[in-house]
Amino acid sequence: MKLHPLINKNSPHYDTGKTSAIEELEKQLTVTEMIGFCKANIFKYNYRLHDKGQKESDKEKIKTYEDYLALLLTLYIWTISMILSHLH
């Protein structure tokens, strides 16, 4: 099974053979909605970073969402540039 960039490779509950929630979510949302999803999760983990006692774990989650957000933004920009290039 190919793991999604947002899936923690060390969590055994992702190794069930079942499609992950994030992969199902991607089927339901547009790229711009997924960008908002990532931004919201980055905000959430930053907002409660000092409250849960899981600072290092939450920092990893923030980095993972930031990396995935960068990937989505690159995809979005590339798609827009391809559309615009075909309009000329």
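Helix 1 and helix 2 are among what covers the buried residues of helix 3. Here helices are DSSP runs of H or I with at least four residues, strands are runs of E with at least two, and both are numbered from the N terminus. Buried stands for under 20% relative accessible area, exposed for over 50%, and partly exposed for anything in between, with a 1.4 Å probe and protein chains only. The buried residues in question are Asp-58, Ile-62, Tyr-65, Tyr-68, Leu-69 and Leu-72.

A word on what is being looked at: this is a predicted model, in which local features need pLDDT of at least 70 and side-chain atom pairs count only at pLDDT 80 or more, while totals for chains, interfaces and linings use all residues. Residues are numbered from 1 along each chain as its sequence is written, and side-chain values use heavy atoms, with hydrogens and water left out. As for pLDDT, it is the predictor's confidence in each residue, from 0 to 100. The chain has a mean pLDDT of 86, with 81% of its residues at 70 or more. Where pLDDT is low, the predicted coordinates should not be read in detail.

The overall layout is quickly told. The chain has 3 helices and 0 strands, running α-α-α from the N terminus on. Of its 88 residues, 22% count as buried. Contact means heavy atoms within 4.5 Å. Among contacts between residues at least 6 apart in sequence, 44% join residues at least 24 apart.

Helix 1 (residues 21-28) packs with helix 2 (residues 31-47) at an angle of about 140°, their axes 8 Å apart. That angle makes helix 1 oblique to helix 2. The axes are lines fitted to C-alpha atoms, for helices over the stretch in contact, and angles run from 0 to 180 degrees between N-to-C directions. Under 35 degrees counts as roughly parallel, over 145 as roughly antiparallel, 65 to 115 as roughly perpendicular, and the rest as oblique. On the helix 1 side, the contact is made by Ile-22, Leu-25, Glu-26 and Gln-28, and on the helix 2 side by Glu-33, Met-34 and Phe-37. Sorted by class, this contact has 4 nonpolar, 1 polar and 2 charged residues. In that scheme, Ala, Val, Leu, Ile, Met, Phe, Trp, Tyr, Cys and Pro are nonpolar, Asp, Glu, Lys and Arg are charged, and the others, Gly among them, are polar.

Helix 3 (residues 55-85) has 31 residues and spans 44 Å from its first C-alpha to its last, close to the 45 Å expected at 1.5 Å a residue. That expected span is 1.5 Å times one less than the number of residues.

Asp-58 is buried, with a relative accessible area of 0%. Leaving aside neighbours within four places in sequence, Asp-58 is in contact with Tyr-45, Arg-48, Leu-49 and Lys-52. Asp-58 and Tyr-45 are 13 residues apart in sequence and 6.0 Å apart in space, C-alpha to C-alpha. Lys-55, also found in helix 3, is partly exposed at 35%. With neighbours within four places set aside, Lys-55 is in contact with Leu-49 and His-50. The C-alpha atoms of Lys-55 and Tyr-45 are separated by 9.1 Å. Ala-70, again in helix 3, is partly exposed with a relative accessible area of 41%. Its C-alpha atom is 9.7 Å from that of Cys-38, 32 residues away along the chain.
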